[in-house]
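Visitor: Could you walk me through this one? I'd like to ask as we go.

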Amino acid sequence: MNSNDVKEFCKSIGIECVGVAGVGPYYDLERIIKHRLNNGYFTGMEEPIIEKRINPKATMENAKSIIVCAFPYYIKNEENYNLSKYCYGKDYHIVVKEKLESIAEYIGSKLEKFEYMVFSDNGPLVDRYLANISGVGYYGINNNIITDKYGSYVFIGYIINNYEFTPDNPIDKTCIKCGKCITSCPGNAILGNFEINPKRCVSYLTQKKEDLNEEEINILKSNNKVFGCDICQDVCPHNKNIDKTNIEEFYKDLMFNIDEDEINNISNKEFKRKYREKAFSWRGRKIIERNLNILKDKSSDQ
């Protein structure tokens, strides 16, 4: 079995953006991480142990390769919705994990003693870095991974495994560096040199558990999203005329808005039950309620 067999199976279940990364260690990434830490460009949501971020064998001792997949979620553009596009469909953590498990089960049916670990935005490694070195996509100045067919509206998942699939080469390409994402970012989080200050990112601020200061509240008010942010992707030329998602879970049973009255009157328990399969639910009702109140204050200010 080789990586082409894996990619053909992935295509058969609708996953078109697939690549293979080596297992490092990624010392170039280590330098980037240390630079970001020294400049305060971290949120606390990242894996705290650098070794685990740059060395897959710190997570799986017998790792020999990593299968990396991108999962498109774009449906349409609409400014009047108060949820980010990635929240419209079923929670991507659930969907991506299920599909990665399907890939791993297929490989396991062909290879004896196949061992693996799947991660969907919950692993120690830097998924965008893996997507870049595996040729799945290339970096935009806003630090998003861009694919030719689906733009940057993709989730990334990966399978660390004990089989030595041949690594793919990175795409020798970057975004066109037009600067639209830089000038459009409400929090001035995009620094223009393929770096971002995530602490000023609207998407992060909508998820931040700690109290927001006045500056952060004003940044949040500059957007209309209760959870997440699409601005830097919406203005990106690489996201024009892209294909819509082919993944059923991301285009069925859609939800575009969170209702303020419902959130104010629903219990925490009921919130978790009702929205357990939506990506915005992980932070809980109180954070959503806080963000709704901030946007409500914005309306009263105008």
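Here is our chat about a helix and a glutamate.

Guide: Quick ground rules: this is a predicted model, where local features need pLDDT of at least 70, side-chain atom pairs count only at pLDDT 80 or more, and totals for chains, interfaces and linings use all residues. Residues are numbered from 1 along each chain as its sequence is written, and side-chain values use heavy atoms, with hydrogens and water left out.

Visitor: Which residues of helix 2 are buried?
Guide: Buried means under 20% relative accessible area, exposed over 50%, and partly exposed in between (1.4 Å probe, protein chains only). Seen down the axis, the buried residues of helix 2 fall within an arc of 105 degrees (directions from the axis to the C-beta atoms), so they line one face. They are Leu29, Glu30 and Ile33.

Visitor: And which exposed residues does the face turned away carry?
Guide: We're now on the face of helix 2 turned away from its buried side. The exposed residues there are Arg31 and Asn38.

Visitor: Which residues is Glu289 in contact with, beyond its sequence neighbours?
Guide: Glu289 sits in helix 12 (residues 285-301) and, at 21% relative accessibility, counts as partly exposed. Contact means heavy atoms within 4.5 Å. Leaving aside neighbours within four places in sequence, the partners of Glu289 are Ile263 and Asn264.

Terms used. Helix = DSSP H or I, 4+ residues; strand = E, 2+ residues; numbered from the N terminus.
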